[in-house]
Every structure is written in C-alpha cells, then in structure tokens.
Amino acid sequence: MADDFPLALQVEVSSACNLDCFMCQRRSWVSGEEGLMPLSLFRKLEGSLCEAERVILYGIGEPLMNSDIVEMVAFARRVMGKGGEISLSTNGVLLTPKLAGMLVDAGLTSLYVSLDSLNEEKLKKIRRGIDYVGALENLKFLLKKFGSDVEVGLEYVVMRENLGELPEFVAEAAGMDANHIFVSHIVPYFEEAASQAVYTTVSEEAIEAGKELLGRGWRVIVEAARFFVSLGYVGSIMESSEVELLSEAWRKAEAMGVELNVPLLLSGEVDVNLLEAVKKTFSETERVAREHGVKITLPPVSFSVKGRSCPYVEKKTAVIRWDGMVAPCQEYLHDHQLYVNKHSKTFKAHLFGDIKKSSLKEIWGSGEYTEFRKKIEALPETVPWCGNCPYSTLKCWFVDGNELDCYGNSPSCSECIYSTGMAKCNI
C-alpha cells in the first residue's frame, strides 16, 4: 500500500478512566480534558477505515467507559470487512461477560487486559481503584468463553515493584489459556514513577565506554577541576587516576561516536546489577513462556543509540484523539509532564489536524505531517538522544519542554522512551 495513507489507526475513544493507576500519564496532565468520542465523530473515519489494515481502540483512558464502544467495533467491522484487525485494550473492570460477548459478536479480533500482577495487594497498589476479584473473573470468563475466537492477551508494565514475579505471572496466565503477554517498561511521567524504572536512558555504547566511571561520584569531577587548575595556574600537572579514567572514557565514547552523560554515570543511576537482574528475569520469563506455549513480547534490557526508531512511523499508524484531533503518536495526544534523565519537562501535545474539518487522508498527506514522518524515519541521524548527553541531566535550555531540541527539531522526540524500544505501545 502506498505511503499516502496510514496502515493503522489508533483511536482514543475515551480519555476518561475509572482507575487512578500509579504510572498513568493522566496523573501528570498539564491541561488534559477528559472526554468520550461521539459515535458520530467515529463514523467520520469511514473512508479511513476502508483503507486501514487495523484499528486500535484505546488511548490515554479506559475505552469501555464509552457507551458506544460495541457500535464502534461493529461499524469498523462493517467498513473494514472480514480481513481487518480490530483491537482493544482495557483494565478489565468493566469487561462483564455480557459486554465481552457483545464485543466479540460485533467483530473484535483481539482484546488485551492490563494486569501488572496477580497478587491482589500489589495490583491494588499499582492499579489504584481496581476491583481485583471482578477484573480477574472477567478475564477468566473471557479466556474460557472466547479464547479460541479472539486473541486474548495481557499487558504488563514491568517495574521494580513487580519485576521478580514476571516468570510466575506468565506461568499463571498461560494456565488460564492467555494467548499473549505483552510487556513494557514504565514511562516516567513523574519522579516517583522514574524511581520504579528497571532500565537506564544511557545507551549500551555509552555504558560500555564509561563503565569504569559507574557510581564513582562527583569526586571525579572535583579531581578534574583540580587537574585543570594545577595545569593552568601552577604550571605543573597533578597526577590523578580519576582524571585518567575520565579521559579514557571520553576517548572510548569518541571512538564509538557517542556522547557520554558523565553525571548519570557517576551518580549511580546506571545500576549494572539491576540491569543484570532484569536480564536474568527476562531470560527466565522467556523460558517459562516457551515451556507453556504462550507468546511473550518483552522489551530490551538495554538499547543502542543508533538503533532508535519510532514504532508509529514504522507501522504507519495515525492517532486520533477523542475530540477528532490527529497526532503522530500517543505521547503527543495531551499536554503532560515527563521526568527523565533526572529532570522534569513539559511535553506539549502536537496535532496535525482535525477530522471534523478535514479527512484523515488530507491530514496524513499534509506537508507538515509528511515532513515529520520523513524526519523520524531517520531518527538516529536527525534527532539527538539526551540520555547520553551530560547537558540534559544538568538541565540545559532545551530540556524544559519538547518544543525544540539542539538539532533544531520542533517538536522534538529527543527523550522518547518509545524510540528506544523500552516502552512499548500495543499497536
């Protein structure tokens, strides 16, 4: 299919939610408004649905709060025909047996339930306000009744709180006949969420170059300052093993063609023991999944700065907000806060058009949207990665927001966790 139309549509049918999950973007909204997409507005996507291979019905909210959700699925099925994929993600609380049956009958092809633990106390701590018994019973009914008719999977946000139980979770989910477990790292919308992350924003190349600096603290910087003072004012060189380590790290980074975020490396934020624990846990999880015959999608433990890519551009996916505004990805739907590389930033929504005024085909083919996708296709060359840059952690003037970066991009994807593959959208 030509590039003049998206292959997939992610439609935020609801930005309202019945839960207050610990890690949710809604808890960091700057000026976000809750809303439900009217059925009449969804129907304006008819021409787009004819061309799309799949439609994904979720955004920053609980889709089952929209009372028209069954009709939306049915409408999409009528327009897309038998071959199109129609997917939905839910927290499972409102997924009653009756509603599950109606969704399947309407033409849904896959349904994912967000469940980050099978321990009641732990899940209630993560998914605040959840009816644990109700959500689990709804899931079990869905798997038993419709597991052979539609793909039923679980979405799991991995963090320090639940890392250790992931292999057991997969075994128990397989025992309930789940088809797929889809795992993502946490996106740090605020500092408390960042403290739960089991990954680092420093790339594997930069870790390799600076591994001798890990956790050594700011005395390395103090020694470096003393070294240059002695050289400039005393005229003699002060011997320092710390300075030599720093110099060697910079030489290695330069040879690899990467920057070196020395403040993060020195501070202990890059915890190699934690990364090793994650690696072992993921390996065990894969073994359990193979043993039980269940499909597992895991994020990486580390990433290459040169291997970054945008899943939305790769999969040719457009995102439509509940009010009809079109964004390049889920992160650009709403104004929100982000806490990354030890600093807060305001992440502004970026919207290319309104389906109430123009067709999605016109918006997708507009000069601005086309130029954005073209730039992001070559992301490692066109967009900087702030995780490797010392100035981001020291809060340079480009990291307060996403409206401009040091390469001149506006808006900027320079601290996008999704581009590293650590965070994953089920699109």
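Colleague: In this predicted model, is S48 buried or exposed?

Modeller: A residue is called buried when its relative accessible area is under 20%. S48 has a relative accessible area of 6%, so it is buried. The residue lies in helix α2, which covers residues 46–51.

Colleague: Which residues does S48 touch, leaving aside those up to four places away in sequence?

Modeller: With those set aside, S48 is in contact with F5, L9 and L360.

Colleague: Which strand pairs with β11, and in what sense?

Modeller: Strand β10 (residues 336–340) pairs with β11 in the antiparallel sense, over five bridges. Within this pairing, V340 stands opposite H343. The hairpin has two residues between its strands, and N341 takes a positive phi near 55°.

Colleague: What is the strand order in the open sheet of ten strands?

Modeller: The order is β7-β6-β5-β4-β3-β2-β1-β8-β9-β12, and the pairing is mixed. Strands β7 (295–297) and β12 (353–354) form the edges, each pairing on one side only. Helix α3 (residues 69–80) packs on this sheet and touches β2 (54–57) and β3 (85–90). The direction of α3 makes about 160° with that of β3.

Colleague: How many bridges join β4 to β5?

Modeller: Five bridges join β4 (residues 110–114) to β5 (residues 151–158), and the two strands run parallel. L111 has V152 in β5 as its bridge partner.

Definitions and conventions. Residues are numbered from 1 along each chain as its sequence is written. This is a predicted model: local features need pLDDT of at least 70, side-chain atom pairs count only at pLDDT 80 or more; totals for chains, interfaces and linings use all residues. Side-chain values use heavy atoms; hydrogens and water are left out. Two strands pair if DSSP finds at least two bridges between them. Helices (H or I, at least four residues) and strands (E, at least two) are DSSP runs, numbered from the N terminus. Contact means heavy atoms within 4.5 Å. Axes are lines fitted to C-alpha atoms, for helices over the stretch in contact, and angles run from 0 to 180 degrees between N-to-C directions. Buried means under 20% relative accessible area, exposed over 50%, partly exposed in between (1.4 Å probe, protein chains only).
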